[in-house]
Amino acid sequence: MRLRIHRGAHEIGGSCVELQAEGCSILLDIGLPLDAPEPAPSLLPAISGLADGTNPNLLGVVISHSHGDHYGLGGLVHSSVPMFIGPRAKTMLMASTPFIRLPLDPNALQTYRNRETFSLGPFAITPFLTDHSAFDAYSLLVETNDKRVFYSGDIRAHGRKSYLVENLLKKPPSAIDTLLLEGTTLSRSEDRSSKSTTELELENQIFNEIRDAPGLVLASFSPQNIDRFVTFYKAARRAGREFIGDVYLAHILSELNLATLPQAADRKFRVYLPQRQRSRIIADQAFHLLNGLGASRIYLEEIGSKPEGWVMLFRESMMPDIDRLPRSISATLLYSFWPGYLAQENQRLQRWCEDRGIPLKLLHTSGHADTQTLIRFAKALRPKTVIPIHTMASAVMERLIPNVVIVPDGEWHTV
Ligand SMILES: [Zn+2]
């Protein structure tokens, strides 16, 4: 078997790895580069048959998780090339289609199952459910007759599913020839021995903020980050407040339909319909999205009458909604994204908060493994070779982890 990284050897995002054996190829991930505004054919890796379906030896694309930097070019892949993703990741994408423009049609995706091996030509692929900020994210083991490659995908060991990684490290797959290991956090300059804040520690920090906040708490996070939703939800409940989601979040949770996750229809949280979603639902005549939410719906009047009773999911497009509340109502915004976004794009949000006298507090933990976890990961899997991916600091990985080989984008590496 041989492999080449098409994108990701020296960047975070846009990941795509080609594996080749017996004249056949499969791809692991087909991501959109983070700096690309939208998918374009020119961004597609130069792989025979990927765009036009003319290569019968291109057997499929296996997507590790539902973040755009891993599946965002999937819509440009020819329909004759099968694409695979985790079942709940697919459900989540399907549930997102009424609300956001996706880069691919999730109906086109086939699904694999956790720890169930499936075959594409000479390749046997086993997905391992892992801990990441994307729901239903996987690492992927790919075997041929004589070689075994393990692709970490995006991982961490400080989320609500950290046990998945710990279990893998306790009983790792054996005889790994090559480990493709993500190194997202390695370009951070902070102390490499320090551990990431766990999702549970973050819950405590958020709880403290909610407890001490005088009025309405606005919770700014991605509804697709289910771990973070649970963190805010639990912190709100502990602080004696009700959580207010939007119709998008309520719809995702309803479609996932997991006993472990609260449902708006069961009145476990309230649902506000932001103006932006309301316009969209009317334009698309998608009123079914409101079915079953009647009793849990909440309107600005009730929110404004008891601001200290709520923790409300907030997104930038909801600034006009909040502006309709009396200015005398105090609010606190808990910002739970990568802080770089604030500096890059969200000046508008900061200015709005300043103008309204809303304190903006950063409460976040990364979706990616810290240095010590990466070292533990490599040590447990004992691969002959480690190839860095999804990192801007492959040289740092080379210093920290034995047997690292840096393979630049586009270069073949024999496993
Ligand atoms: Zn990623």
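This report walks through the overall build of the protein and then one of its sheets.

## About the model

The model is predicted: local features need pLDDT of at least 70 and side-chain atom pairs count only at pLDDT 80 or more, while totals for chains, interfaces and linings use all residues. Residue numbers start from 1 along each chain, following the sequence as written.

## Overall build

The protein holds 13 helices and 19 strands; both are DSSP runs numbered from the N terminus, with helices being H or I of at least four residues and strands being E of at least two. Along the principal axes, the C-alpha atoms fill a box of roughly 65 × 50 × 35 Å.

For 415 residues, a compact globule would have a radius of gyration near 22 Å, and the protein agrees, with 22 Å. That radius is taken over C-alpha atoms, and the globule rule is 2.2 Å times the number of residues to the power 0.38.

Of the 415 residues, 46% count as buried, meaning that 20 or more other C-beta atoms, placed from the backbone, lie within 10 Å of the residue's own.

## A seven-strand sheet

Let's turn to the sheet. Seven strands form an open sheet with mixed pairing, in the order E6-E5-E4-E3-E2-E1-E19; two strands pair if DSSP finds at least two bridges between them. Strand E6 (109-111) and strand E19 (412-414) each have a single partner strand, so one side of each lacks a neighbour in the sheet.

Inside the sheet, strand E3 (residues 24-28) and strand E4 (residues 58-62) pair in the parallel sense over four bridges. Leu28 has Val62 as its bridge partner in E4.

Terms used. Buried ≥ 20, exposed ≤ 12 C-beta atoms within 10 Å, placed from the backbone.
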